[in-house]
Amino acid sequence: MTDYPKDLLEFRDRFHSEDACRDYLAQLRWPQGLTCPKCGGRQFWKMKRGVFCCHTCQRHVSITAGSLFADTHKPLRLWFEALWHVTNQKYGASALGMQRILSLGSYRTGWNWLHKLRRAMVRPGRDQLAGTVEVDETFIGGERSGKRGRGAAGKTLVLIAAQAAGHGIGRIRLARVANASAQHLEPAVSQAVEPGAAVHTDGWGGYNGLRKLGYKHAVVRPTAVVGENLLPLANRVAALLKRWLLGTHQGAVQPTHLDYYLDEFTFRFNRRTSGSRGLLFYRLLDQAVHLEPVLTRELKGGAGRAAK
Ligand SMILES: [Zn+2]
């Protein structure tokens, strides 16, 4: 099913009631129809609030259980509005914008909603980059430039992997890395890039082991300073990322939450050529409905997610 509203009017017509929102979620969640997890039954009574009851064994199955919307007490309509808003802002939504648009009680609630949605921006088991991929790293935050192989104070090192597409950039992947040692760079590259791909880097020693990992490694620039003088594609991505962090988020991104901002940027970047905002909305909702519930208390810590 790739069936989504094309514009705001269609969106409002379509999702005018909780029932309409639930039906849409059900289609996304169970495209082949619902099967009872207990007895395998295929027939259900529709009960209140998106709960279905199995004909055979009376097991209750909820549309929102096990999804991003599981622990919410707010109407689904409001969540749909939030997703529409987030996917229709070219540069992404801010917590304040979210609070205003949805008339949420506090800035904090706007912030929580945004962060829940950011978690839906990582596609589980998403495809790795392939073909020719440029890999380099850049520092985010802080003022001073970094020292070779070490994270400078107040700065976070981010690995950029950018797939070449003609003269431009195809898809990207970003990952926060503790430092520029092979110990941290290699797992980040392995997560982001398919084995067998041609990986282009500068002469930084941290990349020397890539050939052993099964990549066609080419050093396309002999010199290297960690976090600086990036290869062209990675440099373009780094510039856009920094501008986005400064513009949309006024640079107010805490290092502990950086992973989620990197996910949002990647989600937007990799879909930047998609002409339809409705499609973006559909993709995000599809990912949200297949996501484990995010409890609000988990958001506050931020860090603690393994490198991807
Ligand atoms: Zn059953």
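Contact here means heavy atoms within 4.5 Å, and helices (H or I, at least four residues) are DSSP runs numbered from the N terminus. This is a predicted model, with local features needing pLDDT of at least 70 and side-chain atom pairs counting only at pLDDT 80 or more, while totals for chains, interfaces and linings use all residues. Residues are numbered from 1 along each chain as its sequence is written, and side-chain values use heavy atoms, with hydrogens and water left out.

Let's start with helix 4, residues 95–102. Its buried residues (under 20% relative accessible area, with exposed over 50% and partly exposed in between, using a 1.4 Å probe and protein chains only) are Ala95, Gly97, Met98, Gln99 and Leu102. Those buried residues pack against helix 3 (76–88) and helix 5. Just after helix 4, Ser103 takes a positive phi of about 50°.

Helix 5 leads us on to another partner. In its contact with helix 8, Trp111, His115, Arg118 and Arg119 of helix 5 meet Tyr260, Tyr261, Asp263 and Glu264 of helix 8.

Now for the metal. Cys36, Cys39, Cys54 and Cys57 each coordinate the zinc ion through SG, at 2.2 to 2.4 Å; donors are N, O and S atoms within 2.8 Å of the metal (3.2 Å for Na, K and Ca), and water is not among the atoms, so sites may look incomplete. Along the chain, the zinc donors are spaced as C-x2-C-x14-C-x2-C. How exposed are the cysteines? Cys36 counts as buried because its relative accessibility is 4%, whereas Cys39, at 38%, counts as partly exposed.

Technical notes
Helix = DSSP H or I, 4+ residues; strand = E, 2+ residues; numbered from the N terminus.
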